[in-house]
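Dear colleague,

I am passing on a model for your files, and my notes follow directly after it. Please read them alongside the coordinates.

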Amino acid sequence: MQIQGSWTQLDKQNRDKKTVSVPVSELIGVEEGRVEILPQKKVEESEQHFTVFSVKRGPRGAGSAGLWAVGRTLFSCSSRDLRDHWVTQLRAALRDRSASRPQRLLVFINPFGGKKRGVQIYRTLVSPLLELAGISAHVVVTERANQARDHILKKELTGFDGVVCVGGDGMFSELLHGVIGRTQQEAGLSEHDPTETLQPCNLHIGIIPAGSTNCVCFATVGVSDPVTSTLHIIIGDSQPLDVCSVHHLNTLVRYSVSLVGYGFYGDVLAESERHRWMGPLRYDYSGCMVYLSNRSYSGVIQFLPADPKFSSPRDNTRCLSGCRVCSESTERLFPQSDASSNASFYSTSQYSQDSSQSDGDWVSVEGRFRCVSLTCMSSSCPRSPLGLSPAAHLADGTGDLILVRDTSAMGFLKYLHRHTNTQDQFDLPFVEVHRVRAVRFSVPPGEEESDEEEDGGKGTEGGGDRAEQECERDRPERKSISQQHLAERGVERGMGDDRKKKERGLFFGPCCSRAPSVSVWNCDGEILPHTEILCRVHGQLVRLFARGIEDGARTRSCRGGGRKCKGRCVLHT
Ligand SMILES: CCCCCCCCCCCCC/C=C/[C@@H](O)[C@H](COP(=O)(O)O)NC(=O)CCCCCCCCCCCCCCC
Ligand SMILES: Nc1ncnc2c1ncn2[C@@H]1O[C@H](COP(=O)(O)OP(=O)(O)O)[C@@H](O)[C@H]1O
Ligand SMILES: [Ca+2]
């Protein structure tokens, strides 16, 4: 039986004009009778009918580009036998694909993320589709921060084909840390050593967006939509992703996939933690407040440039599904397409945190900055549809380092505003961008805050010798200061140590007259306890149930202000 031909939909209104062609790879499920799934399951028994569910792409146009929905096609057969034959064949075709699709998932729902609708989103939009596709899910509604991460690190995972979070970037980060940590433990590798070639992770991660920024979902799928993401999970899409490890004195601090940002983005996050009750709006409010405080910070940045012959952050392209730059990087990252024999993309000896060693390739920049941002991907999100670095690649083994030097308040506003439209945010005299493999950051001598280093470790609220500090995961009982502070408030998120920031003058009010000399690092929405860090990009360390942004959804990073794109660009339609 030929099942990949053209099907005619039994929709009276469209009987004459509609032909639906569905690749088997995009089939979701087949049900006997007339069946509806969303918004509620309805079954009408019928011996001659069967219903096929498949991926349906949304219309192209602003707002719906990249959206997937559940396509429903009703078939009528002349006999029950014929109907059963079709159903059997279609189910066999689906079974043939089962090797590349998940069968069993471990799902973590953060009931407090974003607008607190995680549980409802899962129950009404996600679960019915997984059931239709025959995927079983073990669901954990979290009761505390880091529960998902700890579960993945410590509990039995045999039989699961993937882990899924329902929440925001913070929830994704928990899964990221769990999956990377577990994989390195099993491979016997040290995550602390920045020169280590880490083991790529096999367990896929799925993201159902239900958070505040949803940047990782948006940048890897193209939209922030629970149904679209569920469909990518069901059909077993696989998108490799670069990950940046952040170290302090040869100790792993955290991993990041979107933003490691100092200055503006660090200050916004610190401020926003005090306004969590505002929900997603807290970032806009805090953004305005921090913008008005008009701050800049001194810093010394050293970076290892990536090879410019492969790509550049100014090359005016976008990383789209099936990206050539990323797939050519795969060959360089994994020469024999054997991850375990990864001979390393680049020489690892160069990542030493001791800047006196092997400085040959490192480039140094010093000055005062409004913000310093490192991003392994475009970091597009609903607030910024093209992202912090529109031409960055999801899986090329590099990150983009954006240095925004001190400038006037108007100049900085112009820079920020260009994140929201199609104007080139790098085409400003005080902005530079570099494609990099590693970055070191330090504060010039004399600029450090006297208590900064101690606070990272000893502090007043516990900790230990900084040199001995271990990744938070290894010593869960020894929380970083601000986590303790937030934990006390029942919000174990971020590191908004208000008291400390007040001492630093980061917050507003009559008490805050002294301008702070250091900012904090925002690492995918978590504040880091150290100022001096070393970041290294690990190419394609994890895999998501996604496929990147499909061509046609957002075809290019249009810089034509509507002219070059002739109105085809989604941003101008
Ligand atoms: C004038 C308008 C300026 C808009 C600038 C938008 C820049 C957006 C860049 C977004 C980068 C996102 C990187 C991802 C970070 C997330 O991992 C992380 C955690 O997310 P989660 O809470 O969902 O778990 N999110 C964040 O750290 C939030 C960063 C968001 C920054 C938004 C800043 C809005 C700024 C508004 C400034 C307005 C100035 C107006 C002056 C009159
Ligand atoms: N049950 C819980 N209680 C408190 N915090 C939680 C819980 N589950 C997860 N978290 C933490 O909440 C933080 C924010 O979650 P996230 O889903 O990213 O929402 P948002 O995008 O609104 O910040 C995450 O860092 C996560 O560690
Ligand atoms: Ca990258």
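Where does UniProt place the feature "domain: DAGKc"? The unreviewed UniProt entry puts this feature at residues 100-250, with the caveat that UniProt positions are given in the numbering used here, that feature names are shortened, and that annotations may be inferred rather than shown by experiment. The end C-alpha atoms of that span lie 38 Å apart, and the span is 38% helix and 23% strand, where helices (H or I, at least four residues) and strands (E, at least two) are DSSP runs numbered from the N terminus.

This is a predicted model, in which local features need pLDDT of at least 70 and side-chain atom pairs count only at pLDDT 80 or more, while totals for chains, interfaces and linings use all residues. Residues are numbered from 1 along each chain as its sequence is written, chains are lettered from A and ligands numbered from 1 in the order in which they are written, and side-chain values use heavy atoms, with hydrogens and water left out.

Around ligand 1 there are 25 residues (a heavy atom within 4 Å), of which D169, G170, T213, Y283 and N522 come nearest. Oxygen atoms of ligand 1 lie 2.5 Å from a side-chain N or O atom of Y283, 2.8 Å from a side-chain N or O atom of N522, and 2.8 Å from a backbone N or O atom of T213. The protein covers 88% of the 940 Å² of accessible area that ligand 1 has on its own (Shrake-Rupley method, 1.4 Å probe). Two or more residues of the shell come from each of α4 (169-187), α8 (282-293) and α10 (409-417), and α8 gives the largest share, five residues. At least three residues are drawn from each of domain 2 (101-237) and domain 3 (244-329 + 357-446 + 513-538), the bounds coming from an automatic or database domain assignment.

C376 and D396, 20 residues apart, are both in the loop between β16 (363-375) and β17 (399-405).

A cis peptide bond joins L38 and P39, with omega about 0 degrees, and P39 is in the loop between β4 (34-36) and β5 (42-44). K116, in the loop between β8 (104-109) and α2 (118-132), has a positive phi near 65 degrees.

Best regards

Definitions and conventions: A polar contact is a pair of N or O atoms within 3.5 Å; within protein, one must be able to donate a hydrogen and the other to accept it, and residues adjacent in sequence count only if both atoms are side-chain atoms.
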